[in-house]
Amino acid sequence: MTNGERPLHEQQPLTRFGERAGDYSRHRPDYPAAVFDTLLEGLSPPITAADIGAGTGISSRALAARGVQVLAIEPNEAMRQAARAHPRVRFLEGRGELISLPDGSVDLITCFQSFHWFEGGKALAEFHRILRPAGRLGLVWNIRDRSDAFTAAYSEIVVRYASSPAAEDRPDIADALFEDHSFAGLERFVYSNRQRLDGEGLMGRARSVSYLPRTGPRAEELFADLRALFESWNRDGVVDLVYETLLYRAVRN
């Protein structure tokens with residue numbers, strides 16, 4: 001059985017991003033402001049959030065900038081070390097299926113670009129445990145929008161070199177939440193998002209992806225293809241990757 005056929009939570013999710021932490025911090029896209037508005041809508045301050053699979057803190061800092069006290073849960077030490085500090089963000093070691101927080105201790109749980117790496121049922125049970133009654137859950141992904149011509153061309157290169165097809169193509173992205181009865185009121189929101197990149201930024205964006213080669217002959221071919229793509233498509237030295245940002249929002253039952 002190949003890596004692409006195994007569930008993603010069995011494909012070394014706790015360690016696979018270690019050598020990519022610097023590129024992840026510098027070159028991953030942000031999220032639209034409307035995502036955070038929707039996540040926080042109706043919640044009364046003070047708000048404590050657990051950002052699970054926080055990576056280098058891109059989403060954690062955005063929540064904190066809106067006055068939220070954030071517990072950023074991240075299993076990978078290199079990712080935690082690469083995170084920029086924020087006075088309202090505290091990084092803790094942990095993973096989606098095992099979170100070292102007390103029962104009923106947070107108002108909001110978020111997973112930005114991370115839930116697909118968890119064992120869904122176990123993670124949702126742990127989320128239910130640490131959420132307060134009627135606490136909120138938000139699962140968020142930036143999904144490349146292949147209706148945009150440049151983004152489609154970039155995606156074709158990614159697919160060609162991806163070591164894990166399951167990580168690249170995730171049609172079942174939130175199935176575990178749809179099937180779980182411990183959360184209710186599930187809503188889906190879609191927002192437009194784009195990331196402007198220069199040539200180095202495009203290379204760094206690819207280097208941040210855990211299922212793309214980083215060194216060796218395949219990596220050399222990958223980056224040669226990306227440089228040719230950039231040369232063909234850039235206008236005034238930049239290109240835009242276009243995303244649909246998906247938010248699944250639910251309430252603790």
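How many bridges join strand E6 (residues 183–197) to E7? There are 13, and the two strands run antiparallel; strands count as paired if DSSP finds at least two bridges between them, and the elements themselves are DSSP runs numbered from the N terminus, with helices (H or I) of at least four residues and strands (E) of at least two.

The model is predicted, so that local features need pLDDT of at least 70 and side-chain atom pairs count only at pLDDT 80 or more, while totals for chains, interfaces and linings use all residues. Residues are numbered from 1 along each chain as its sequence is written, and side-chain values use heavy atoms, with hydrogens and water left out.

Strand E7 (residues 239–252) is mostly covered, with 11 of its 14 residues buried, where buried means under 20% relative accessible area, exposed over 50% and partly exposed in between (1.4 Å probe, protein chains only).

Helix H9 is largely enclosed by the rest of the structure, because 7 of its 9 residues are buried. The buried residues of H9 pack against helix H1 (21–27), helix H6 (149–161), E6, H10 and E7, contact meaning heavy atoms within 4.5 Å.

The axes of H9 (residues 199–207) and H10 (residues 217–233) come within 10 Å and cross at roughly 140 degrees; axes are lines fitted to C-alpha atoms, for helices over the stretch in contact, and angles run from 0 to 180 degrees between N-to-C directions.
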